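Hi everyone, thanks for coming.

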Amino acid sequence: MSRVGKAPVQLPKNVSVEVGSNNVVKVKGPKGEIAHQLDLDINVKVEDGHLVVSRPTDQKRHKALHGTYRAILNNMVKGVSEGFKKEMEMVGVGYRAEVTKQVLTLQVGYSHPIMLLLPEEIKASAKQDKGQNPIITLESYDNDLLGLVAAKIRSIRKPEPYKGKGIKFVGEVLRRKAGKSASKK
């Protein structure tokens with residue numbers, strides 16, 4: 001049996017889970033509400049403060065879905081109770097970020113500013129201290145959506161391997177390359 005799939009998901013006191021028709025699981029908590037449709041073969045039950053995911057057979061397909069859906073449900077529970085946060089760093093001369101309501105405006109070396117309309121579920125902030133790189137902070141209760149938006153922001157100006165300029169996640173280690181002058185010695 002899947003090590004991830006067989007572990008029950010602990011439900012905090014302020015989180016409620018409802019399994020509806022067509023295997024739609026709704027999770028409500030203080031930060032928000034998320035619904036996700038699971039495969040009809042996967043069984044989900046709420047048993048004394050735990051969410052238990054089980055599979056009907058040991059088919060390869062069922063084994064693959066078992067751990068995946070348990071991880072998705074765990075992220076849903078964690079999201080509505082605690083929330084998720086991603087920080088991105090902008091490395092480059094003149095790179096700036098500004099957030100007004102749900103619009104993120106980036107100046108990352110193009111001739112024009114890039115404006116992104118963020119979904120309502122995501123709260124964004126940008127800060128820049130003197131002498132430091134600008135930091136964009138994204139917070140949400142939906143981990144999937146947060147990752148999607150963060151990847152979209154990063155794709156605007158990916159970090160390049162020679163100088164490391166671009167938008168990267170805080171703590172991300174980049175593979176750096178030696179330039180053309182390194183080979184002449």
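Let's begin with an open sheet of three strands, which run in the order β2-β3-β4 with antiparallel pairing. Its edge strands are β2, residues 16-19, and β4, residues 33-37, and each of them pairs on one side only. From one strand to the next, the twist averages 15°.

A quick word on where this comes from. This is a predicted model, in which local features need pLDDT of at least 70 and side-chain atom pairs count only at pLDDT 80 or more, while totals for chains, interfaces and linings use all residues. Residues are numbered from 1 along each chain as its sequence is written, and side-chain values use heavy atoms, with hydrogens and water left out.

Helices (H or I, at least four residues) and strands (E, at least two) are DSSP runs, numbered from the N terminus. Two strands pair if DSSP finds at least two bridges between them.

Back to our sheet. Strand β3, residues 24-28, pairs with β4 in the antiparallel sense over five bridges. If you want to find that pairing on screen, look for V27, whose bridge partner in β4 is I34. K26, in turn, stands opposite A35 in β4. And how many residues does the hairpin use to join β3 to β4? The hairpin runs through four residues.

β11 pairs with strand β12, residues 135-140, in the antiparallel sense over five bridges. A pair to look for there is A126, which stands opposite I136 in β12.

At the start of the helix, a side-chain oxygen of D142 reaches to within 3.3 Å of the backbone nitrogen of D144. Several residues of α3 are buried, among them L145, L146, V149 and I153. Buried means under 20% relative accessible area, exposed over 50%, and partly exposed in between, using a 1.4 Å probe and protein chains only. The buried residues of α3 pack against β7, β9, β10, β12 and β13.

That takes us inside. A nonpolar core is a set of buried Ala, Val, Leu, Ile, Met, Phe, Trp, Tyr and Cys residues joined through side-chain atoms within 4.5 Å. The largest one has 20 residues, and L106, L138 and I153 touch the most other members. The elements giving two or more residues to this core are β7, β9 (103-107), β10 (114-117), β12 and α3. Its largest share, six residues, comes from α3. There is also a second, separate core of 18 residues, including V9, V17, V44 and Y69.

Two more residues before I stop. T105 has its place in strand β9. Is T105 buried or exposed? With a relative accessible area of 15%, T105 is buried. Setting aside residues up to four places away in sequence, T105 touches R96, A97, E98, P113, I114 and M115.

Then there is Q102, in the loop between β8 (96-100) and β9. Q102 counts as buried because its relative accessibility is 18%. A polar atom of the Q102 side chain lies 2.7 Å from the backbone oxygen of P119, and the backbone oxygen of I122 lies 3.0 Å from a polar atom of the side chain of Q102. Not counting residues up to four places away in sequence, Q102 also touches L116, L117, L118, P119, E120 and I122. A polar contact is a pair of N or O atoms within 3.5 Å; within protein, one must be able to donate a hydrogen and the other to accept it, and residues adjacent in sequence count only if both atoms are side-chain atoms.

That's my tour, thank you!

Key. Axes are lines fitted to C-alpha atoms, for helices over the stretch in contact, and angles run from 0 to 180 degrees between N-to-C directions. Contact means heavy atoms within 4.5 Å.
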